[in-house]
Structures are given as C-alpha cells and as structure tokens.
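This briefing goes through a structure by topic.

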Amino acid sequence: MRAEFISGYRKYREAAAVNLKAQLAWRADVVFNMLFTISKILFAYLLWGIIFRQRDAVAGFTFHGMLSYYIISSFLSQLELSGGISGEISARIRNGTFSKYMVLPMNIQGYFIAMEAGVVAFYLAFDFLAAAVWVFLFRIRFAFTGEPLVMACAALMVLLGLLFMVQLNFYLGILTLKYQEISTFLMIKNNLVALVTGTIVPLALFPETVVKLMRCLPFYYVTYLPSMLLTGRCREEAAPGLLILAVWCGALQLVIGITWKKYRKRYDGVGI
Amino acid sequence: MRKRMKKNFRVLRELFRIRFQHLMLFRLGFFGPFFVDGSLFAVQLMVFGAVYSNVDRIGAWGEGEMILFIGTFSLINAVGMAFYFFGIRQVPDKIRGGELDLYLTKPVSPLLRLTFEQINPGSLPLIAMSLCIIGYGARRAGIVPHAEDVLLYLGWLAVMIALHYDMMVLIRSVCFYLVTNARLEQLEDTALELCMKLPGIAFYGIYRIVFCFLLPYGLMATLPVQSILGELKWQTALQGLAVAAAFTGLTACAWKRGLRHYNSASS
C-alpha cells in the first residue's frame, strides 16, 4: 500500500516536473504574459483614480486598499491557468487524439492536476515579481494582513480554488463526449467567471442579496475571498469559506466520476 | 469608378451568398459569436451597474452616459464581428501559408475579398442588442437627441468603425515582413479589452497619448458618445479625425507595400 502510494506520488511529481520544464520553451510567452498583467492594474488605477478624486471611500475601500485588492486578485487570477484544460480535452476528443491521455499509466484527471501544479509552480515567481513591480510603479501603499492564521487560510483557499477550477475545466472538457462542440460555451464561461470571481470589480460592490447568493457559489472563494483575506478583510468568512469550497470540490468530483463513467465509451479515437 | 463599384458590389453579393450556404452547414455555431460577445457586454453592464450603485458619477459621466458608451463600443464590435473580423483575422495565416496567391490572381481587390469573405450573420443580433443598450443608455442619461445629433453620432460611428478596421488590417499587415504578429495581436487584445471597459475621459497624460494616439482604441466609443452628449470640443473632434485619417493612410500604405513584399509561401 505504502509502496503503491509512493510510486503514484512519483508519477504525478514527474508529470508536474515535465510540465514545469516545458514552460521554459515558451520564455517569451512568460515575459509577455507577465507584462500584460499591467492592463488589469491600469484599469483599476485609472477607473478608481477618477472615482476617488471625488470621495475617500467606496464600499469600505480606500484608493490604496482598492489597488491592493486588484494587485492580489490579478496575481491570483494569473495563477489560475486551468482554462486551457477544457480546450485541450475538447480539441483532442474532436480530432481523435485524446487517446494520448488514455494510455498514460495514471489517472487522466490526476495528470491534469499535476500538469496545473507544474505550470503554477513555474509562473508563481514571475507573477510575484510582476505584482511587486506594479506596486512599486504605481506607488501603491500596499495593504496586507499581518495575521498568520488568516494568511494560512487564504493560502489553503487558493489551493482549493485552483483545484476546483481544474476540476471544473476537466468536467467541461469531457462534456465534449456528449455535446461534441463546446467552444462557444467555454468562451461564455470565461466571460462569466471573470465577473463572479471578482477579478473585474470586487464583489463587495454588488448589492447584499447578490453577494449572499455568490457566497453559496464556489467562484466567490477562488479569487475574491482570498484577495479580501490577504488585504485584511472578511476574516470571519475564512473558515466557512474553506468548508463551502471543500464541499463544492467533493460534489464536483462525484459529478466528474459519474459523467466520465457514463460517456467515456463514446470516445472512438477517430474524431468528430 | 461607377463600373468598378458595380463590379465590387456583385462580388460582395456572391461572397455573402457563398458564406450563407457554408454557415448553414454548421447551424449550431451560427449564433456563437452573438452569445459570446453578448455575454461580454452583459458582464460590462453588470460591472458598471455595481460601480454606479456605490458612486454617482465617474468623472463627468453618470450611469446613463456609461451605458451609452458600453452600447456604442458593443455596436462597433458587433459591426466588425458581422462583417470583417473573421475575414481579417485570417490574413496572417494566408500570408504565411502562401494562400494569398489565390487572392492575388482573382480579378478583384484581395483586401476586399479577404474582408468580406467570412461575414458572420450570426453576429447581426448583436447589432440589435447594442442598439437596445444605446437606447436604454440615452433614456437613462435623459438625452432627447435631434435628428442632426443622431446624424453626427452616426458619422462618428462610421469613422470609428473605419478606425477599428484600419487597426485590424495594420496589425495583420506586419506579417508581410515578420514571421509572426502574435505579440501585436496580444497587445491589440489587451488594449481593446482595457478601452472597452474604460471611456476615453479616464485617460490623461501618457495614458492619453498611448490610448488616444498610438493605439487609439480609447477614442472609439468615446467620441461618438461625446458628440451625442454635446461634450465634444472641436479640438478633440479634429484630433479624432486626424488620428482616423492618419491610420487609414498608414494602413493603405502598409498593405500596398506589404503586397509588393509578399513572396508567396516563403513570406
């Protein structure tokens, strides 16, 4: 049992390491992706700059508090790179090359999680560097929590959030087995996820009933709540947030298992 | 001149007919662009709805003016999506793969054919949706425009659609000289995404130079909205026209010189 676990762990660690190394082949992409994160900060800087000229606080945020929120949420949303998983699975099912993943001596979803872990590990340092540069460049008085427990909760929530997004994208990808063409749906999903994860504007700006509703959804805990926790807000939501997100991860895993079992036989390896 | 226009019109009619036949084969994806871009602008409306539930004005603009801005940007985008976006987007591939040869040998302007051969009628409902947003925005802003205001707005809209088209062609014409324009397209997407969310009134200093003159996406929906609001100063109007004219000239020049530089599949 122990030997099996160690061997399994080694396989996934190797998959993560290979995908981390593969990122080195796309160095220019890394640099440009890092540079273009400025658009989110610039949006916040200009929009909120013009608003805060006429007032000192909006929904409890000061100007620098708001920019700190954007720096952290932009950093976290840059780490969330699982969007490509659904596209990759969908394209491979459609052109009949999904067999590449089926013949791997490991669980397919586990492989994608390991892949995401490798890519995130690679981008972590670069995104951190970019965030530090923007803080310096825009002269932001950066607000960050000093409580280790809140930081630990936020870190755990970020990990669970990343796992949830991999699960979601894996699930959407395998839906190609049933619906054949999901690219339009994936693009709509991207637009909506940007809104409900709070990467465009903090969810605190929405009416209280909307925020209450969003608290029941997992997206609230992917980027928004960790960003709020790290800027020293909403600490009372940390523990319930972790629980809700964990329940969502478990529920989605069940749905993935059922869907995979039901539809995987539809894959015939010749494309659509 | 008249004979040439007549010929071009006949070519366009044939291109539209062929495209319709092709699209009917993939009926499920027909309205795809409408749903994708519709959701994008619906998200924009929700975002600014949330912002305006906490503040009265952004600069000099209230919620109505901002809705008008979002609707106008949506309309420019919708016209592009319906008529030229999918055609122009293929230019880099055609240059790299040497497929442009086929266009050069046809008795019609290659750019005209490339522009209109991938029209997407599935985006037409997006135009209707944008008009509804504009109407709603005008009502919220309390604007009762006169006929001449509407004409002026439409005139600015036409100029800005031309500018949007120029930018698309210009960025893809780079492929006549370089192996890839991927970074420029990334820059285009980033600038467009930013200016779709932020009206030109928010730009100042270096940001104004970048987004109103170098990558003039910041002008696109702002000038038509300012014109209908009666806020457009003649200096700003002249600057806008000069930028549009300069980019049209630059694009025509880049395309013509690019075609001369084109060496079939080895480009």
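The mean pLDDT of chain A is 92, and 99% of its residues reach 70 or more. The model is predicted. Chain A is built from 13 helices and zero strands, and chain B is in contact with it through 27 residues.

**Confidence**

- Among the elements of chain A, the lowest mean pLDDT, 81, belongs to helix α2 (residues 27-36).
- At the other end, helix α12 (residues 224-230) of chain A has the highest mean pLDDT, 97.
- Where pLDDT is low, the coordinates of a prediction should not be read in detail.

**Overall form of chain A**

- Read along the sequence, the pattern of chain A is α-α-α-α-α-α-α-α-α-α-α-α-α.
- The radius of gyration of chain A is 20 Å, which agrees with the value near 19 Å that a compact globule of 272 residues would have.
- Along the principal axes, the C-alpha atoms of chain A fill a box of roughly 60 × 40 × 40 Å.
- Buried residues make up 40% of the 272 residues of chain A.
- Of the contacts in chain A with a separation of 6 or more, 82% are between residues 24 or more positions apart.

**Helix α3 of chain A**

- Helix α3 of chain A covers residues 38-52, 15 residues in all.
- From first C-alpha to last, α3(A) reaches 20 Å, close to the 21 Å expected at 1.5 Å a residue.
- The buried residues of α3(A) include A:K40, A:F43, A:A44, A:Y45 and A:W48.
- The buried residues of α3(A) pack against α4 (63-79) and α7 (108-137) of chain A, and also against α10 of chain B.
- Leaving out residues up to four places away in sequence, A:A44 touches A:M66, A:L67 and A:Y70.

**Nonpolar core**

- The largest nonpolar core has 142 residues.
- The residues with the most contacts inside this core are A:A44, A:L67, A:I71, B:M160 and B:M220.
- Helix α8 (residues 148-174) of chain A gives the largest share of this core, 14 residues.

**Contact between the chains**

- The 27 residues of chain B are in contact with 25 residues of chain A.
- On the side of chain B that touches chain A, the elements giving two or more residues are α2 (32-52) and α10 (182-197) of chain B.
- The most residues on this side, 10, come from α2(B).
- By type, the residues of the side of chain B that touches chain A are 16 nonpolar, eight polar and three charged.

**Two residues of chain B**

- B:M81 lies in helix α3 (residues 63-83) of chain B.
- B:M81 is buried because 21 other C-beta atoms lie within 10 Å, and 20 or more count as buried.
- Beyond its neighbours within four places in sequence, B:M81 is in contact with B:P33, B:D37, B:N120, B:S123 and B:L126.
- B:M81 and B:L126 are 45 residues apart in sequence, and their C-alpha atoms are 8.9 Å apart in space.
- B:Y136 has its place in helix α8 (residues 124-141) of chain B.
- B:Y136 is partly exposed, with 15 other C-beta atoms within 10 Å.
- B:Y136 and B:D101 are 35 residues apart in sequence and 47 Å apart in space, C-alpha to C-alpha.

Terms used: Residues are numbered from 1 along each chain as its sequence is written. Chains are lettered from A and ligands numbered from 1 in the order in which they are written. This is a predicted model: local features need pLDDT of at least 70, side-chain atom pairs count only at pLDDT 80 or more; totals for chains, interfaces and linings use all residues. Two residues are in contact if their C-beta atoms, placed from the backbone, lie within 7 Å. Helices (H or I, at least four residues) and strands (E, at least two) are DSSP runs, numbered from the N terminus. Ala, Val, Leu, Ile, Met, Phe, Trp, Tyr, Cys and Pro count as nonpolar, Asp, Glu, Lys and Arg as charged, and the others, Gly among them, as polar. The expected span of a helix is 1.5 Å times one less than its number of residues. A residue is buried if 20 or more other C-beta atoms lie within 10 Å of its own, exposed if 12 or fewer, and partly exposed in between; C-beta atoms are placed from the backbone. The radius of gyration is taken over C-alpha atoms; the globule rule is 2.2 Å times the number of residues to the power 0.38. A nonpolar core is a set of buried Ala, Val, Leu, Ile, Met, Phe, Trp, Tyr and Cys residues joined through C-beta atoms within 7 Å. pLDDT is the predictor's confidence in each residue, from 0 to 100.
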